[in-house]
Each structure stands twice: as C-alpha cells, then as structure tokens.
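Thanks for coming, everyone. I'll start with strands, then move to rings and backbone angles.

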Amino acid sequence: MKLFSMFKKSAEVTPQFNDNMNYMIFEGEGIYSKTGRKRKIHVEAFSESEAITELVSDGYNQESIQIHRVPFDPPSEEQLAAMKKHHNKIPKKACMIDISFLISKYMGNERESDKDLMTFATNQKVKFSYYAGEKSLYNCIWHNFTLEEKFAFYLLCVEKDLKGKWQFEKFDYYKSISCDYLNDNKFMNSFKRYSANDNSFYGFIRDKGVEYGYSASQNTNCYKIAASIVS
C-alpha cells in the first residue's frame, strides 16, 4: 500500500508539457559571474540551447547553469467557465495563454492563422500559442517589432495583398531601406495610424471582403507608396 501511494504521488507531480505554445519555459539555477553567487533562473526560449546562450549573454557562468523545462500555468477557473458558457471546446493540456488566445479568437470572430505567417513569426522570435487567431497573431508580431521591422512587415503585407503570396525572404531587404521612408513625412503621416504608440496593424483581409472587421485600408498614402516599392 505504501509503495502504491508513493507511485501515485509521483504520477501526480509529473509535468504535463504544453506543445501548443511555440516556445518553452525553463527554470533552474546558475552562478551570476559579476557576483559569484548562485541565482534562481526563470527564462523563456525556443529551445534549451537558446536559453543557455541567452543566460550566458546575461552574465551567467555557462558551466554552472542547470535548467529544466517547466509547464506553463494552467487555465484559470474564470477562463474555463467563459469557454464553457459559450460552448467552446477546451483542448487537452491547454495552458492559460492558450485559453486567452482562444477566447480572443472566438469573441473577435477571428479566422484561423496562416501557417506560413506562424513560421515567419517563430523565426522572428515572436511568442504565441498555435491556437492564436489571425488578428491576434498579427497583433503579436506587430507589437514585438521595432519601427524598422514594422515597416518591412507592412511592405510584406502589401506585397501579399497585391501578388497573393508571402515573400518573407525580402524581409531583411525591406528593413535595410526603411530609413529612406521612415524619414519621409508623406509616408509617416499616413503610417502613424499603425505605428504610433500602441496602435495595431492586422494586414489586408480580402478573401471574403471585410466582414471580419480588422482589415487595413488600401486607400492610404503609406499603402500607395509601399505598393510602388514592392511592384
């Protein structure tokens, strides 16, 4: 009986890792080089090796770093109640962040996210849940980017709107020419509706008109200038 109880306790504390997120959480400890003292570690990264590289860059002694993956926080009772109230399916092993994205997706009538856009976002180290709806994914990308990156991403979106496909390989090139346009008053006076403060940009949603309510406008100076750049 005692052996059974020990086994049951061990099973209860086994982490249930969430692979619906495009990144992971690691915890542990390591020696901070400047003080020579051991510190507790909590870091978010896309892989364990990336987490270690980030910690070394932050000043930890690499040989002293001992980290392990830990689960994301589970959904709150309020989140689960909101999902059930609207008869929405709750995925297995969903974490608190997953449910937040799902609630936004359902409440905002968001379309499914573009898989290629998800891959691009992950390559740019944007953190999100794979349950993110289209609008939420754009929002994550936009608010993670610098002004130069926003300019480049805006051009990619205009190009997709005009040509029907993503050309993410041009992202770095568009960043390299950003200064020429970010200092142009005609472009920036128009672009500020998206780029200033906490403003958002959700791409150009054209497949079924604009009934989703979050498509950007084509009738702006910044769109016209961007179109001339990508044409």
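Two strands pair if DSSP finds at least two bridges between them. Helices (H or I, at least four residues) and strands (E, at least two) are DSSP runs, numbered from the N terminus. Before the details, note that this is a predicted model: local features need pLDDT of at least 70, side-chain atom pairs count only at pLDDT 80 or more, and totals for chains, interfaces and linings use all residues. Residues are numbered from 1 along each chain as its sequence is written, and side-chain values use heavy atoms, with hydrogens and water left out.

Strands, then. β1 covers residues 24-32 and β3 covers residues 66-70; they pair in the antiparallel sense over 5 bridges. Within that pairing, glycine 28 has isoleucine 67 of β3 as its bridge partner. β1 also pairs with β2, residues 37-45, again antiparallel, over 9 bridges. Here glutamate 27 stands opposite histidine 42 in β2.

Now the rings. How many aromatic pairs does the structure hold? It holds 31. The rule: rings of Phe, Tyr and Trp (its six-membered ring) pair if their centres lie within 6.5 Å; planes under 30 degrees apart count as stacked, over 60 as edge-to-face and the rest as tilted. Take phenylalanine 120 and phenylalanine 145: edge-to-face, 6.3 Å centre to centre, 90 degrees between the planes. Phenylalanine 120 lies in helix α5 (residues 115-123) and phenylalanine 145 in the loop between α6 (134-144) and α7 (147-163), so the pair ties together parts that are 25 residues apart in sequence. Phenylalanine 145 also pairs edge-to-face with phenylalanine 153, at 6.0 Å centre to centre and 85 degrees between the planes.

Buried or exposed? Phenylalanine 120 and phenylalanine 145 are both buried. Phenylalanine 153 is buried too. Buried means under 20% relative accessible area, exposed over 50%, partly exposed in between (1.4 Å probe, protein chains only).

Last, backbone angles. Histidine 87 is not a glycine, yet its phi is positive, near 60 degrees. Histidine 87 is found in the loop between α3 (77-85) and α4 (96-107). This histidine 87 is exposed, with a relative accessible area of 75%. Lysine 125 also has a positive phi, about 65 degrees, although it is not a glycine. Lysine 125 lies in the loop between α5 and α6, and at 42% relative accessibility lysine 125 counts as partly exposed.
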